[in-house]
Amino acid sequence: MKYVAGGNTDTTGGLNLLTTSMFIGSDDRQGVNNTAIIITDGHPTDNSTVPAAIEAVHNAGIKTIVVGITNDVDESTLRQLSSEPKRENFEYFKAADFNSLVTLESDLQKQACGA
């Protein structure tokens with residue numbers, strides 16, 4: 001999903017793409033776990049539709065790892081979007097800014113790839 005500077009945070013739209021455009025058909029490799037890394041500011045524009053959308057993602061067997069960007073991130077949203085057991089620095093992470101993502105690279109690889 002393309003980032004649009006200054007735009008809205010269409011969390012539900014992004015989640016819907018996981019179940020309608022990714023991890024389906026030829027894009028879904030047999031025998032390989034489906035894992036999505038969600039990068040967000042943790043403030044959905046419309047939070048009312050997020051619970052049903054993330055439930056659909058998890059019901060489809062997609063594991064979600066969430067990275068919140070900025071010091072103003074909403075931690076409850078990070079937990080809501082992450083897979084169980086919803087632990088900081090395992091299923092969800094926080095980064096002060098996009099430049100800080102490099103410090104999370106190793107941990108994200110371990111969680112996403114089981115390495």
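The side chain of Ser83 reaches the backbone nitrogen of Thr64, at 2.7 Å. This comes from a predicted model. Ser83 sits in the loop between α3 (75–81) and β3 (92–95). Its relative accessible area is 10%. Buried means under 20%, so Ser83 counts as buried. Beyond its neighbours within four places in sequence, Ser83 is in contact with His58, Ile62, Lys63, Thr64 and Glu91.

Thr45 lies in the loop between β1 (34–40) and α2 (50–59). The side chain of Thr45 reaches the backbone nitrogen of Thr9 at 2.7 Å. With neighbours within four places in sequence set aside, Thr45 is in contact with Asn8, Thr9 and Asp10. Thr45 and Thr11 are 34 residues apart along the chain, and their C-alpha atoms are separated by 7.5 Å.

Thr11 itself is placed in helix α1. Thr11 is buried, because its relative accessible area of 10% is under 20%. Not counting residues up to four places away in sequence, Thr11 touches Pro44, Val50 and Leu81.

The largest nonpolar core has 15 residues. Those with the most contacts inside it are Leu15, Leu18, Val57, Ile62, Val66 and Leu81. Which elements supply at least two residues each of this core? They are α1 (11–20), β1, α2, β2 (62–69) and α3. Helix α2 gives the most, with four residues.

There is also a second, separate core of seven residues. Val67, Ile69, Ala95 and Leu104 are among them.

Leaving aside its neighbours within four places in sequence, Leu81 is in contact with Thr11, Leu15, Ile38, Thr40, Val50, Ile54, His58, Thr64 and Val66.

Ile37, Ile39 and Phe98 make a nonpolar surface patch of about 300 Å². Ile37 lies in strand β1. At 42% relative accessibility, Ile37 falls between the 20% and 50% limits, so Ile37 counts as partly exposed.

**Salt bridges**

How many salt bridges does a search of the whole structure find? The search finds four. Side chains of opposite charge can pair when their charged atoms come close.

| Pair | Distance (N to O) |
|---|---|
| Arg79 and Glu75 | 3.4 Å |
| Glu75 and Lys94 | 2.9 Å |
| Glu91 and Arg87 | 2.8 Å |

Take Arg79 and Glu75 to begin with. Both lie in helix α3, four residues apart, about one turn of the helix. Arg79 is partly exposed, at 34% relative accessibility. Glu75 is partly exposed too, at 25%.

Glu75 also meets Lys94 in a salt bridge. This pair links distant parts of the chain: Glu75 is in helix α3 and Lys94 in strand β3, 19 residues apart. Lys94 is partly exposed, at 34% relative accessibility.

Now Glu91 and Arg87. Is Glu91 buried or exposed? Glu91 is buried, because its relative accessible area of 4% is under 20%. Arg87, its salt-bridge partner, is partly exposed, with a relative accessible area of 38%. Salt bridges that share partners join Glu75, Arg79, Glu88 and Lys94 into one network.

Technical notes:
Residues are numbered from 1 along each chain as its sequence is written. This is a predicted model: local features need pLDDT of at least 70, side-chain atom pairs count only at pLDDT 80 or more; totals for chains, interfaces and linings use all residues. Side-chain values use heavy atoms; hydrogens and water are left out. Buried means under 20% relative accessible area, exposed over 50%, partly exposed in between (1.4 Å probe, protein chains only). A polar contact is a pair of N or O atoms within 3.5 Å; within protein, one must be able to donate a hydrogen and the other to accept it, and residues adjacent in sequence count only if both atoms are side-chain atoms. Contact means heavy atoms within 4.5 Å. A nonpolar core is a set of buried Ala, Val, Leu, Ile, Met, Phe, Trp, Tyr and Cys residues joined through side-chain atoms within 4.5 Å. Patches are made of residues with over 30% relative accessible area and no salt bridge: like charges are joined within 9 Å, nonpolar side chains (Val, Leu, Ile, Met, Phe, Trp, Tyr) within 5 Å. Accessible areas come from the Shrake-Rupley method with a 1.4 Å probe; for residues, only the protein chains shown count as cover. A salt bridge is a side-chain nitrogen of Lys or Arg within 4 Å of a carboxyl oxygen of Asp or Glu.
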